[in-house]
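This report walks through one protein chain, from its overall make-up to its details. Please have the sequence and the 3D view open.

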Amino acid sequence: MAAHQTAGADAGHPGRRALLGMTAGAAGAAALLGTAAPAVAGSRPGARDLSRELPVPTVVAHRGASGYRPEHTIGAYQLGLDMGADIIEQDLVPTKDGHLVCRHENDISGTTDVADHPEFADRRTTKTVDGQELTGWFTEDFTLRELKTLRAVERIPEQRPNNTLYDGRWAVPTFEEVLDWAAEQGRERGRPVWLYTETKHPTYFRSLGLGLEEPLARLLRRHRLHRANSRLILQSFEPSSMERMARLVDTPRVVLLSSAGSRPWDFVESGDPRTVADLVTRRGLREIARYAQGIGPTLDLVIPRAADGSLGRPTSLVEDAHRAGLLVHPYTLRNENRYLPAEFRRGEDPHAYGDVFGALDAYFATGIDGVFADHPDTALLAAADFRD
C-alpha cells in the first residue's frame, strides 16, 4: 500500500459532487485496458443512474439501523429508512431448500434464539466456512419453514444492551419479503427505496449446491430490478461473484475489499495469489471497473491507522478509484469508542459514543462517495456538510 500514501484531502471532491461522471470514467478505464468497452453491457448505464439519483456522500444503513435494532430485521430496515438513510443494506445466505434470507452470516447462533429451541439441538455442528472453523447452527441446515420458527436477537448485547429490548420481536426475513417491503415503502413515500445487497460466502455455498447468484438473479428479474437503472446495488467480497452476477443481470455492482494483506476467498479456492493490495493498485482497479461500478473498501484502506490507533495520512485509493470510474463506499462507521480512531474516542468506556462527527468529517474529506453506518442518523448529519 506504500504507493497509495499520496492523496490529499481534496483529491476526491469532483467524485463527491457527481460520482465523477462515471460513464466517462468507465470508458477511460476500458481505454487504459486496451479494450473497446467494459465486458458487461449494462455497467455504464448503471453508473450513470447511480450518479444521477444518489446523494453524495451516500449514507448506507449497515444491516439496517443496526446501532439501534437487532441487525437484518424488518425493524432495523424500517428505522434506517425512517431516519433518512439513502440505502438499506442486506446480506444474503441460503436455507436448506434454497430460499435467500437476510443474515450477516449463515451461523445464526448469535443472531437468533435457536439455542432456546430443543427441537433443533441436534442441528448444532462444526463447519469450516472460508477457512474458519465455526461451531453453531447454520441456515443451510434449516428449511425456510423451520427458520421462520426462530426469532432474531441482538448480536452484540454486551456492547448494545438497549437493543436487547427488541429481542424476539422480529423473524428472520427472506430477501423476497424485503423486496416487497421496499416496494410498499416506495409507494407510500412516493420515491424508490434503494437496497444494497451482498452475496455472502458465495464460493462456499456453491460447493454445497446452494449457489446464490442464480436464485438472486431470478428474484431481481421477478421484481424488475435486473436493469442497469435499478435502485439496487449488488456487492460481494468475492470478485467472481460480481462477475457472475454481471453475466446474469445489469443491476449495478460493487466489489468489497477487506484488509490489504487479505485474499478474497474465491482467490484462495482458485489459487489466485493476489491480495487486496493488488486489487487496489491502479491496474487492479481498472480490472474491477470492467464488471463493477464501485468498490467498498474497509475504512483503513482509505485512511490507515497509525500504531497508536489514530488516523494516518489518506491513501490515494479514492483518487485512483475515481480515475478508474469507480465510486467508493467504505465500511463501517459506528458511534462507539471501540470502533473509532484513537483521537476521536471520548472517555474510557469502549461502548460509549465518541466524537463520531470528527471521524466522519475526516473520512468525507477524502472524497469518498458514501459510507456504511450502523447509526445512519449520525452519518446523515455529517454528510449534510459535504453535500452540494
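## Overall make-up

This is a predicted model. The protein has 16 helices and eleven strands. It counts 388 residues, and 57% of them are buried. Its accessible surface is about 15,200 Å². Carbon and sulfur atoms own 49% of that surface.

Take the contacts in the protein with a separation of 6 or more: residues 24 or more positions apart account for 69% of them. Asp388 and Pro57 are 331 residues apart in sequence, yet their C-alpha atoms are 9.6 Å apart. Asp388 sits in the segment after α16 (376-384). With a relative accessible area of 75%, Asp388 is exposed.

## Nonpolar cores

The largest nonpolar core has 84 residues. Phe175, Trp181, Leu195, Leu220 and Ile295 have the most contacts inside it.

What does Trp181 touch, leaving aside its neighbours within four places in sequence? The contacts are Ile74, Tyr77, Gln78, Leu81, Ile88, Val193 and Leu195.

## Helix α6

Helix α6 spans residues 175-189, 15 residues in total. From first C-alpha to last it reaches 21 Å, close to the 21 Å expected at 1.5 Å a residue. Its buried residues are Phe175, Val178, Leu179, Trp181, Ala182, Gln185 and Gly186. They lie on the same side of α6, because they cover an arc of only 160 degrees around the axis. On the other side, Arg187 and Glu188 are exposed.

The cover over the buried residues of α6 includes two helices, α4 and α8 (213-222). It also includes strands β2 (87-94), β3 (100-102), β6 (194-199) and β7 (232-236). Just after α6 comes Gly190, with a positive phi of about 70 degrees.

## Backbone details

Two cis peptide bonds deserve a look. One runs from Val56 to Pro57, with omega near 5 degrees. Pro57 belongs to the loop between α3 (43-53) and β1 (58-61). The other runs from Tyr331 to Thr332, with omega near -20 degrees. Thr332 is in the loop between β10 (327-328) and α15 (356-364).

His72 has phi near 50 degrees and lies in the loop between β1 and α4 (74-83). Asp130 also has phi near 50 degrees; its place is the loop between β4 (125-129) and β5 (132-136). Are these residues buried or exposed? His72 is buried, at 0% relative accessibility. Asp130 is partly exposed, with a relative accessible area of 23%.

## Salt bridges

Side chains of opposite charge can pair when their charged atoms come close. The count here comes to 24 salt bridges. In one of them, Asp141 meets Lys127, with the closest N and O atoms 3.0 Å apart. Asp141 lies in the loop between β5 and α5 (144-147) and Lys127 in strand β4, so the pair ties together parts 14 residues apart in sequence. Asp141 is partly exposed at 22% relative accessibility. Lys127 is buried at 16%.

Helix α6 takes part as well. The side chains of Arg222 and Glu176 form a salt bridge, 3.1 Å from N to O. This pair links distant parts of the chain, with Arg222 in helix α8 and Glu176 in helix α6, 46 residues apart. Arg222 is exposed, with a relative accessible area of 54%. Glu176 is partly exposed, at 27%.

## A buried pair and its network

Asp374 forms a salt bridge with Arg334, and their closest N and O atoms are 2.9 Å apart. Asp374 is in the loop between β11 (370-373) and α16. Arg334 is in the loop between β10 and α15. The two are 40 residues apart, and the pair links distant parts of the chain. Buried or exposed? Asp374 is buried, and so is Arg334.

The pair belongs to a wider set. Salt bridges that share partners join Arg160, Arg334, Glu336 and Asp374 into one network.

Key
Residues are numbered from 1 along each chain as its sequence is written. This is a predicted model: local features need pLDDT of at least 70, side-chain atom pairs count only at pLDDT 80 or more; totals for chains, interfaces and linings use all residues. Side-chain values use heavy atoms; hydrogens and water are left out. A nonpolar core is a set of buried Ala, Val, Leu, Ile, Met, Phe, Trp, Tyr and Cys residues joined through side-chain atoms within 4.5 Å. Buried means under 20% relative accessible area, exposed over 50%, partly exposed in between (1.4 Å probe, protein chains only). Contact means heavy atoms within 4.5 Å. Helices (H or I, at least four residues) and strands (E, at least two) are DSSP runs, numbered from the N terminus. The expected span of a helix is 1.5 Å times one less than its number of residues. The arc is that of the directions from the helix axis to the C-beta atoms. Accessible areas come from the Shrake-Rupley method with a 1.4 Å probe; for residues, only the protein chains shown count as cover. A salt bridge is a side-chain nitrogen of Lys or Arg within 4 Å of a carboxyl oxygen of Asp or Glu.
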